[in-house]
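This report concerns aromatic ring contacts in a protein model. Please consult the sequence and structure shown below.

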Amino acid sequence: RGPARNATLEFEQLARAAAHAVASRVCTIRRARADDAATLAEFGARTFVDTYADFHADDLALHLVRTYGEAQQRREIADPDVATLLAHGGGALAAFVQVRRGLVPACVAGRDPIELHRLYVERAWHGRGVAQRLIGAACDAALAFGGATLWLKVWQRNARAVAFYRKCGFADVGEAVFVVGNDATTDRVLVLELDRAPRGEGFA
């Protein structure tokens with residue numbers, strides 16, 4: 001019974017992995033356009049609140065005004081130092097990732113660092129392989145920027161995200177302050193050398 005049980009569990013795991021792979025392929029990945037700004041602003045604000053719901057409502061509201069307004073999204077989409085990539089599935093936005101050139105924390109020692117600034121996935125798409133595909137697309141975008149190292153900040157209390165990035169090959173190199181409204185919290189700083197990184201399948 002033991003070997004048969006193990007074989008059944010292994011088959012079920014493989015079947016789930018195959019189903020997730022198929023589901024993630026239903027999503028298409030492309031560069032954001034100016035006319036995506038309103039949708040991206042709403043999606044970004046909603047998924048940010050899902051992630052940081054423990055913060056005080058006033059701090060969340062202030063952060064959203066500063067960060068996820070439609071005009072701000074339009075500026076970021078147009079910025080040549082920012083790449084915003086959208087994953088659509090089922091006729092709607094399922095996830096997005098944003099990669100950018102910019103200031104780098106002292107703890108990031110890798111050469112030619114590029115920041116993975118944001119990665120948010122609609123809750124219904126969690127566990128379906130979309131985030132992994134966006135990591136590959138982010139690596140492609142970072143390489144297109146001339147990067148050799150991809151780095152990011154992740155809230156230290158977001159255990160799911162920390163575990164996901166570690167699974168993708170990121171290493172913890174230090175910490176940084178992240179401010180939500182007027183509340184300062186601690187992020188972990190993670191890095192990935194792009195010569196060891198997953199490759200994406202390209203994006204439009």
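Does Phe48 count as buried or exposed, and at what relative accessibility? Phe48 counts as buried because its relative accessibility is 1%, where buried means under 20% relative accessible area, exposed over 50% and partly exposed in between, with a 1.4 Å probe and protein chains only.

## Basis of the model

The model is predicted: local features need pLDDT of at least 70, side-chain atom pairs count only at pLDDT 80 or more, and totals for chains, interfaces and linings use all residues. Residues are numbered from 1 along each chain as its sequence is written, and side-chain values use heavy atoms, leaving out hydrogens and water.

## Aromatic pairs

The structure contains 11 aromatic pairs. Rings of Phe, Tyr and Trp (its six-membered ring) pair if their centres lie within 6.5 Å; planes under 30 degrees apart count as stacked, over 60 as edge-to-face and the rest as tilted.

Phe43 and Phe96 form an edge-to-face pair, with 6.0 Å from centre to centre and 75° between the planes. This pair links distant parts of the chain, with Phe43 in helix α2 (residues 37-51) and Phe96 in strand β3 (residues 92-100), 53 residues apart. Helices (H or I, at least four residues) and strands (E, at least two) are DSSP runs, numbered from the N terminus. Both Phe43 and Phe96 are buried.

The ring centres of Phe48 and Tyr120 lie 6.3 Å apart with planes at 65°, so this pair is edge-to-face. Phe48 in helix α2 and Tyr120 in strand β4 (residues 113-121) are 72 residues apart. Tyr120 counts as buried because its relative accessibility is 12%.

## Ring cluster

Ring pairs join residues including Phe43, Phe48, Phe96, Tyr120 and Trp155 into a cluster.
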